[in-house]
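Trainee: Could we go through this one together before I set anything up?
Mentor: Gladly; bring it up and start wherever you like.

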Amino acid sequence: MAALEAAALFDDAALGERLAIEEDVRRQKAVFVKDLDDAVYSSLKNDAVRMGAYLRAIARAAPGKRVLDVGTGPEALLAVAAAKAGAEAVVACEVSPAAADRARAAVAAAGVAHVVTVVTGHSSEVAGTIVSVLGGPADVVVSEIVGDLASEEGMAATLAQLPATLVAKTGAWSVPARAETWVAPANLRLPASGDGGSSDVRLPMVPPPATLLGDRRLLECIDANDLRLEQTREHAWTVAAPSTLTGFFCAPKIVLDGEDAIDCWTEATSWRSVLCLLDEPVLVEAGDEVGLSATADLRRFPVVHALAATVNGKPAGTVVVKLPDS
Ligand SMILES: C[S@@+](CC[C@H](N)C(=O)[O-])C[C@H]1O[C@@H](n2cnc3c(N)ncnc32)[C@H](O)[C@@H]1O
């Protein structure tokens, strides 16, 4: 009897989790389907740092392989690159029907329609189609669903939800291999965005070194071979000189493979740095300790990051950050 009750409970929990995932996918689709912004896509295409690193990594990973591009966008840039690098077959999967239609035209214009098939749908919902088009499981998955906070576009859950029938997640199966967000305490005053309690400001620049009160530390890591969907980290910095703690700068680093990485702390890219502003700035003296306790639930969409600050152990405010408009 006890075993039966336990089984029933387990089923309820599994059903609840499945329904929660479906709801997350629905919310993620709603964001991406409305978000067909030409200015954003042309900034991605014209980001020479991003494109150079991706093209080099794809040229190493794709030759002779079955490749899945998750979230190909309207120009199918990564899928076309994989085909040109000598992939055996490529599926370019795209959740936005309008972007998928444009991707089909881009693939034809690039002269690689015999290698690349565009499949419309969310990656979690079209696995069977992808495997049948590829003629077997994918060897390599390429994607660029990395937010200004790396996990906020749903990359971790998206990779975790790819079934084993679609890709065996071993070795160098994912480009990027890792996407990280790094964080440092900051002294920079700017008006908060004021979108319902969240107070993050997105800036088209690397975190300015002169505004930082300490070195950068790891806030989160999406490692394709070790996907952790709940992340908590604690950090502490000792302040070197009198200053004001206004919040924390965050920016991503995308490790494509063993040879190429895009470090948005040192190179200007299409990713923006995120200034997470405390409600009230706090004066700090040399020797004071700034603490940070950060949590993020990467299973859910939108991913919500909570950054709780302390100064000398006393609470200094919590900043909650999520993808704008999600
Ligand atoms: C940042 S854009 C990148 C486009 C292109 N891969 C590139 O690198 O230029 C991300 C794209 O992925 C799509 N997308 C995000 N998650 C997806 C998923 N799980 N399945 C299918 N498409 C997805 C979005 O609609 C969007 O077009």
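Trainee: Which residue in β5 is the bridge partner of Val142?
Mentor: Bearing in mind that this is a predicted model, the bridge partner of Val142 in β5 is Val175. Strand β4, residues 140–143, pairs with β5 in the parallel sense over two bridges.

Trainee: And what order do the strands of the open sheet come in?
Mentor: Five strands form the open sheet, with parallel pairing, in the order β3-β2-β1-β4-β5. The edge strands, each pairing on one side only, are β3 (116–120) and β5 (174–175). Helix α5, residues 97–109, packs on the sheet, where α5 touches β2 and β3, and the direction of α5 makes about 170° with that of β3.

Trainee: Switching to α4, how many of its residues are buried?
Mentor: Seven of the eight residues in helix α4 (77–84) are buried, among them Leu77, Leu78 and Val80. Just after α4, Gly86 takes a positive phi of about 105°.

Trainee: Which residues touch the most other members of the largest nonpolar core?
Mentor: That core has 94 residues, and the ones touching the most other members are Ile58, Ala76, Ala79, Ala82, Val90, Ala92 and Cys250. Leaving aside residues up to four places away in sequence, Cys250 touches several residues, including Leu149, Trp182 and Cys276.

Trainee: Last topic, the ligand: what surrounds it?
Mentor: There are 19 residues around the ligand, of which Phe32, Gly71, Gly73, Val95 and Glu144 are the closest. By class, the shell has nine nonpolar, eight polar and two charged residues, and α4 and β2 (89–94) each supply at least two residues of that shell.

Conventions
Residues numbered from 1 in each chain as written. Predicted model: local features only at pLDDT ≥ 70, side-chain atom pairs only at ≥ 80, totals over all residues. Buried ≥ 20, exposed ≤ 12 C-beta atoms within 10 Å, placed from the backbone. Helix = DSSP H or I, 4+ residues; strand = E, 2+ residues; numbered from the N terminus. Core = buried A, V, L, I, M, F, W, Y, C linked by C-beta atoms within 7 Å. Contact = placed C-beta atoms within 7 Å. Near = placed C-beta within 6 Å. Nonpolar A, V, L, I, M, F, W, Y, C, P; charged D, E, K, R; others polar. Pairing = 2+ DSSP bridges. Axes fitted to C-alpha atoms, helices over the stretch in contact; angles between N-to-C directions.
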